[in-house]
Each structure stands twice: as structure tokens, then as C-alpha cells.
Amino acid sequence: MNHDRLFSLFTLSGILFCYLILAGPAIADGGLDEQAEIKTGDELTSSNNTYGTVDLADHYRETAREIITAATQTHRAFDRLTYFTDYFPHRLSGSEMLENAIDWAVTELESDGIPEVRKQEVMVPHWVRGNEFAKMVTPYEKELPMLGLGGTVNTAGEELTARTVVVESFDELEKRSNEIPGNIVVYNQPFTDYGRSVQYRVYGADRAAEHGAIGVLLRSVTPNSMGHPHTGGTRYSGEVPEIPIAAISAEDARLLHRFDRRDDPATVTLYMEAELKEESALSHNVIAEIPGSERPEEIVVIGGHIDSWDVGQGAMDDAGGVIVTWEALRLIYEMDLQPKRTIRLVLWTNEENGVMGGRAYRDKVIENGELENHQLAFEVDFGVFQPLGYGFQGPEETYRMLEPIAELMSPLRDMHLREGSYGTVDIGPLQREGVPIMGLDVDTEEYFWYHHSAKDTIDKLDPDEIAECIAAVTVMAFITADMPDRLPW
Ligand SMILES: [Zn+2]
């Protein structure tokens, strides 16, 4: 996930409270009408939370159980995720690795037997990192492990050496404005929550440049550091000089801060070759679908983003979301569930530094006259740890219709449906056109330990938790594609 939905992250810590309050109505586990047949078309007289004369949850309870069993009795998808991340680890937009990953996904989806698989062309920004380093040179020489932020400018072929001015906040930056000209600003902002702390990553270069800084080092946005830097997108307004910005470890940011507080500020050297190429690059969204058995024109979208940063393996961001939603589609096909509506998997490109895949998908469905037929868009991009429920943005009436579906996950664990969603950047363009959207809520305790760093690798993920994520996505995708009533918006 990137910074386009920061505001919604401000309430990250509120999730646990919200889901307790917003959990769906308690529907008794008994009372399943074993005789309830799947009825079709004109026989249906249902509305909202019913299926014919049967409660919607009761109608789908047994199918949900079967899906949960099928999803959790195998690590097949985890094995695919492992292969994917081992062979295609640095999937940065514009890279050959990303396009190879996309081609591999297409071939594999075809070998799964998915009836329709295609690529959609998308032009994406082409930023490359190049060589880079940072070191402290006084009071003694020390390497500073670093990562240039995505989109940063370079140091114009020179090594920039300057004293550091270490601040903990934008307020402190303003107060020490007279110290900044010609120097390197270091943000040692504490990690409070991702939404707040990431403001320094996104706006830190511009804010420092306003006061005459020549470069910026950022304490990595993470609650738990083991000496490694975390990258992520940054942004220039174009209204002040564009200066290079790189992330360093929280440990080194705090070291530099201590020297600053002793009135013995460290001097550092920064060298970066990062470059945004003038020409954009050709990339692709991957689209695969199972046509609906009765209303193929109506569509439920599920997916994740296939691009990543150029470090680690992008295993949780977002290869995990790709494989979880892909496996949901494959399971529905393998189990021959034949949903009434089309279920469409979209593996978006360029989420991390442009969201051009999400925008291109929206443009295409508008052009094709398909937008109004989108029932729901569901993205998984906030880690693939133990699933806790679903985050939803859309009309209240639609929310009420989805509540009983969350309740059907109870054989695995009680799962919530709550208002607001995380990890839904690629479907933001659809949401702004009115399409109801959903994200998968997972236990995010560890997510930001690894996020956008060399430590985001497959070994951090648990095959059983991934299987549970698959169960949660499959149940929601199948029922929203099969339920008698359209989700209103
Ligand atoms: Zn992501």
C-alpha cells in the first residue's frame, strides 16, 4: 500500500475497537435448511438479507463451510507464493522483472484453467534507484544503511557533505529554520502510527527545501527496527527546489539525534544516482475471470498489486494479496461453484509509485460501459497475516447486506465487517466513481516491521494464516457474486 489513503490510516489503532462494535448480527448457527436449493432467476422473490424465503446466511452457510475447509486444508497457494517471490522479487514499475512476473502470472492462470485471461496495457512512471550510499563522517566515519525514497531526485553526480540538523517534527523544523540553509535535515520522527509518521516520508523533502536544506535523511517509518531502512514513495510539489531524500534506520536517526542534542552535530555524506526517466514504460494489469452463469455482465472484482519496491521480495506487499485473491478465483473455479455474476481477478501494476494500473482499469471499464455493473471491488494489500474481518466503504444499505456474509466465517473465527478500509489504493479510482469497495483486515502487528524493506520476504509469512486469508476472500467473493440482489450504490 502507498500513501494515497493516509487519512484512513489515522484510525489504525481504532480497528480493534470498531470491529467489536460493528460485528455482524448474531445469527444462530443452527437452523440451516439443508433442503435449501440454489434457486435461479424468476423464482427469486428475495430482497436484502434473504434468498427466496430463506435467510441469506442460512442459504450459504454450508457452502461457506465447504470453502473454508477447501481453503485451509492445503498450502498449495503458499507454495505458489514462495515460487513467485523467489523468482520475481524486485517488481518495480518499468523493470523487466515486473513484466516477467506478469507474464508468468498469465501463463499460470491459464494453466489453472481460468476461462478468460488477458493483459491490459498500462503506461507507468519509470524511476530507477542507481547506486547510492550515505555515511557519517564526523565525529567518526560510519556507514549509514539507506534507501533512496521512491521518486527521489539524485545528488547531481556529487557527494553532498554537510552538517545535520535533526528534528523530531515539522514544528521543530520551523523553529530551527535559521540553522537549515546549506545543511542536511534529518527527521527523527517517532513512530506513532503509519498514517501520521509517513507524512515525513511524503512531504519531508519539500518542507526541508523550503528552509534551504540540500538533502534529507528520514528515520524509516516502522515501529520495530533491526537496523535496516524502509523505502516508500515521496512527493515533490514543484514549488520549491527538489532535493534528494533517503531513509536511514531508526537506530542511526536516533544516533544522529543524540549528537545534535549534545550540540555536536554530525556531518554526513550523501550520494544518490536515482532518476525518473523521461519516457514512461509499458506495463500491464493482469485480468482473469470466471464468467457469471446468469448475469455475466455484473462483476465482482478481487485482486492485489503485482508491482513492488526494488528491495526484499515484496512478499507481503503485495505478492501475498496477489496470490490470496488469485487462489480465491481458482478455488471457486475448481469447486465448480458457478456464481451468477462474473468474478474478475485484477492484478494491478504500479500501485507503489503511481497507481496507474488502478486508474487504467477504471478508465477501461468506463470506456466499455462496465462501470455501473461493478457490484463490489475487493483488494488485499495490507499484509496477509491472520484475517480479522472486512473493511467496507459504500452505502449503508449495502453494508447491511454484507453483514451476514462476514458472520459466515465463524467456523474459522468471528470476523467483523466495519466501515472504512485499508490497503485499497488500486480500487480508489473505482470508489471515487461510486463503486462499493472492501479491504481485508488482518492482524497488522508485524506488517510495518518489514514493509518496503529488504526484510519483506516469504519466510515471514505463515502458510496457515495465508490459507485463512484465502478462505475469507473466497467466501466474500463467491457470495457477493452469487447472492440474488445486486449490491446497491
Ligand atoms: Zn501494497
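**Figure 1. Asp336 lies in the loop between H9 and E16.** The model shown is predicted: local features are reported only at pLDDT of at least 70 and side-chain atom pairs only at pLDDT 80 or more, whereas totals for chains, interfaces and linings use all residues. Residues are numbered from 1 along each chain as its sequence is written. Helices (H or I, at least four residues) and strands (E, at least two) are DSSP runs, numbered from the N terminus. Although Asp336 is not a glycine, its phi is positive, at about 55°. Asp336 is exposed, with 6 other C-beta atoms within 10 Å; in this scheme a residue is buried if 20 or more other C-beta atoms, placed from the backbone, lie within 10 Å of its own, exposed if 12 or fewer, and partly exposed in between. Helix H9, which spans residues 315-334, holds Asp318, and the peptide bond leading from Asp317 to Asp318 is cis, with omega near 5°. As background, most residues other than glycine have a negative phi, and most peptide bonds are trans.

**Figure 2. Ala156 sits in the loop between strand E7 (146-148) and strand E8 (160-167).** Ala156 is not a glycine, yet its phi is positive, at about 55°. Ala156 has 9 C-beta neighbours inside 10 Å and therefore counts as exposed.

**Figure 3. A cis peptide bond joins Thr138 and Pro139.** The omega angle of this bond is about 5°. Thr138 belongs to strand E5, while Pro139 is found in the loop between strand E5 (132-138) and strand E6 (142-143). Thr138 is partly exposed, with 15 other C-beta atoms within 10 Å. When its neighbours within four places in sequence are left aside, Thr138 is in contact with Ala266 and Thr267, where a contact requires that the C-beta atoms of two residues, placed from the backbone, lie within 7 Å. Thr138 and Gly423 are 285 residues apart in sequence, and their C-alpha atoms are 41 Å apart in space.

**Figure 4. Eight strands form an open sheet with mixed pairing.** The strand order is E3-E14-E16-E15-E17-E20-E18-E19, and two strands are taken to pair if DSSP finds at least two bridges between them. Strand E3 (116-124) and strand E19 (416-419) stand at the edges with a single partner strand each, so one side of each has no neighbour in the sheet. From one strand to the next, the twist averages 25°, an angle between axes, which are lines fitted to C-alpha atoms, for helices over the stretch in contact, with angles running from 0 to 180 degrees between N-to-C directions. In general, strands of a sheet pair through backbone hydrogen bonds, either parallel or antiparallel.

**Figure 5. Strand E14 (residues 281-290) pairs with E3 in the antiparallel sense over nine bridges.** In this pairing, Glu116 stands opposite Glu289 in E14, and Val124 stands opposite Ala281 in E14. E14 also pairs with E16 in the antiparallel sense, here over five bridges, and in E16 the bridge partner of Glu289 is Arg344. Eight of the 10 residues of E14 are buried, so this strand is largely enclosed by the rest of the structure.

**Figure 6. Helix H3 (residues 56-72) packs against helix H14 (residues 463-482).** The angle between the two helices is about 150°, with their axes 8 Å apart. That makes H3 roughly antiparallel to H14, given that angles under 35 degrees count as roughly parallel, over 145 as roughly antiparallel, 65 to 115 as roughly perpendicular and the rest as oblique. H3 passes H14 in a right-handed crossing; a crossing is left-handed if the near helix is turned anticlockwise from the far one by less than a right angle, and right-handed if clockwise.

**Figure 7. The whole chain has 14 helices and 20 strands.** The C-alpha atoms of the chain fill a box of roughly 80 × 45 × 40 Å, taken along the principal axes. Buried residues make up 53% of the 489 residues in the chain. Among contacts in the chain between residues at least 6 apart in sequence, 83% join residues at least 24 apart.
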